[in-house]
Amino acid sequence: MSTVTAIKSCATTACAYNHGGCTAFAITVGGDSTDPACSTFVSLDARGGLPVAEGHVGACQRLECIHNTDLMCTADAITIGADTATCQSYKAR
Ligand code: SF4
């Protein structure tokens with residue numbers, strides 16, 4: 001794999017890494033098959049991450065997703081949203 005998956009948008013504004021999008025350098029997607037979700041999501045009385053919203057998917061544990069190869073995401077970009085930071089690009093095989 002020569003590229004990493006961009007986070008096109010993240011609407012989970014409760015996350016400490018959300019400043020108009022994801023500012024974490026890379027996230028891990030985990031959760032379960034009923035709610036594939038960002039495991040990097042954290043709700044704190046602080047904001048952190050990079051100064052720009054250019055997050056990427058560093059790893060993904062949802063092996064059953066059609067975009068998953070070797071525990072990595074192969075989609076060009078993904079969208080995150082909802083209260084629990086759901087991966088809205090998830091699609092079960
Ligand atoms: S699209 Fe699939 S492989 Fe990519 S991060 Fe979401 S759940 Fe993981």
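Me: Which side chain does Arg-62 join through a polar contact, and at what distance in Å?
Reply: Arg-62 and Glu-64 are joined through their side chains by a polar contact of 2.8 Å. A polar contact is a pair of N or O atoms within 3.5 Å; within protein, one must be able to donate a hydrogen and the other to accept it, and residues adjacent in sequence count only if both atoms are side-chain atoms. This is a predicted model, where local features need pLDDT of at least 70, side-chain atom pairs count only at pLDDT 80 or more, and totals for chains, interfaces and linings use all residues. Numbering starts from 1 along each chain as its sequence is written, and side-chain values use heavy atoms, with hydrogens and water left out.

Me: How many salt bridges are there?
Reply: The count comes to one salt bridge, taking that as a side-chain nitrogen of Lys or Arg within 4 Å of a carboxyl oxygen of Asp or Glu. Arg-62 forms a salt bridge with Glu-64. Side chains of opposite charge can pair when their charged atoms come close.

Me: Is Arg-62 buried or exposed?
Reply: Arg-62 is buried, at 13% relative accessible area, while Glu-64 is partly exposed at 23%. Buried means under 20%, exposed over 50%, and partly exposed in between (1.4 Å probe, protein chains only).

Me: Where is Arg-62 found, and what is it in contact with?
Reply: Arg-62 is in the loop between β4 (56–60) and β5 (68–69); strands are DSSP runs (E, at least two residues), numbered from the N terminus. Beyond its neighbours within four places in sequence, Arg-62 has contacts (heavy atoms within 4.5 Å) that include Val-29, Asp-32, Asn-68 and Tyr-90.

Me: New topic: what surrounds the ligand?
Reply: Among the residues around the ligand are Val-29, Cys-60, His-67, Asn-68, Ile-78 and Tyr-90. A residue counts as near a molecule if one of its heavy atoms lies within 4 Å of it. The shell divides into seven nonpolar, three polar and no charged residues.

Me: And how many residues has the largest nonpolar core?
Reply: The largest nonpolar core has 17 residues, and Ile-7, Ile-27, Val-57, Ile-78 and Ile-80 have the most contacts inside it. β1 (5–10), β2 (26–32), β4 and β7 (77–81) each supply at least two residues of this core. Such a core is a set of buried Ala, Val, Leu, Ile, Met, Phe, Trp, Tyr and Cys residues joined through side-chain atoms within 4.5 Å.

Me: Last one: where does Gly-48 lie?
Reply: Gly-48 lies in the loop between β3 (35–38) and β4. The C-alpha atoms of Gly-48 and Asn-18 are separated by 8.1 Å, with the two residues 30 apart along the chain.

Methods: Nonpolar A, V, L, I, M, F, W, Y, C, P; charged D, E, K, R; others polar. Helix = DSSP H or I, 4+ residues; strand = E, 2+ residues; numbered from the N terminus.
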